[in-house]
Amino acid sequence: EIYREQGDGIDLIILDLGMPGMGGHKALGLLRESDPEVKVIIASGYSVNGQVKNSLEAGAAGYIGKPYRLHDMLHKVREILDG
């Protein structure tokens, strides 16, 4: 809902696959439906196989495993924004 209203001012979204409600993978799908160019990083404690792999194949721009250090997250954000 926020992205629909303010998407022009949002450069990057970070989603957790295990977030409550609809979950990160479904949220990714809805975001990509509304804007195929949206940049999304998946943050997850799951391995890169399975649901993370599905999310990357569905258009997530990147993945960072949890737990992560702030430095690693900042590096991933910079990588995606510059890429």
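Predicted model: local features only at pLDDT ≥ 70, side-chain atom pairs only at ≥ 80, totals over all residues.
Local features need pLDDT of at least 70 and side-chain atom pairs count only at pLDDT 80 or more, while totals for chains, interfaces and linings use all residues. Residues are numbered from 1 along each chain as its sequence is written, and side-chain values use heavy atoms, leaving out hydrogens and water.

**View 1. The largest nonpolar core has 12 residues.** A nonpolar core is a set of buried Ala, Val, Leu, Ile, Met, Phe, Trp, Tyr and Cys residues joined through side-chain atoms within 4.5 Å; buried means under 20% relative accessible area, exposed over 50%, and partly exposed in between (1.4 Å probe, protein chains only). Look for Tyr3, Leu15, Val38 and Val52 among its members. Strand 1 (13-16), helix 2 (24-34) and strand 2 (40-44) each supply at least two of the core residues, and helix 2 gives the largest share, three. Helices (H or I, at least four residues) and strands (E, at least two) are DSSP runs, numbered from the N terminus.

**View 2. Helix 2 has buried and exposed residues.** Gly24, Ala27, Leu28 and Leu31 are buried. Seen down the axis of helix 2, these residues fall within an arc of 105° (taken from the directions from the helix axis to the C-beta atoms), so they line one face of the helix. On the other side, you can find Lys26 and Glu33 exposed.

**View 3. Ala60 meets residues from elsewhere in the sequence.** Leaving aside neighbours within four places, Ala60 is in contact (heavy atoms within 4.5 Å) with Leu28, Val40, Ile42 and Ser55.

**View 4. A cis peptide bond joins Lys66 to Pro67.** Its omega is near 0°. Pro67 sits in the loop between strand 3 (62-65) and helix 4 (70-82).
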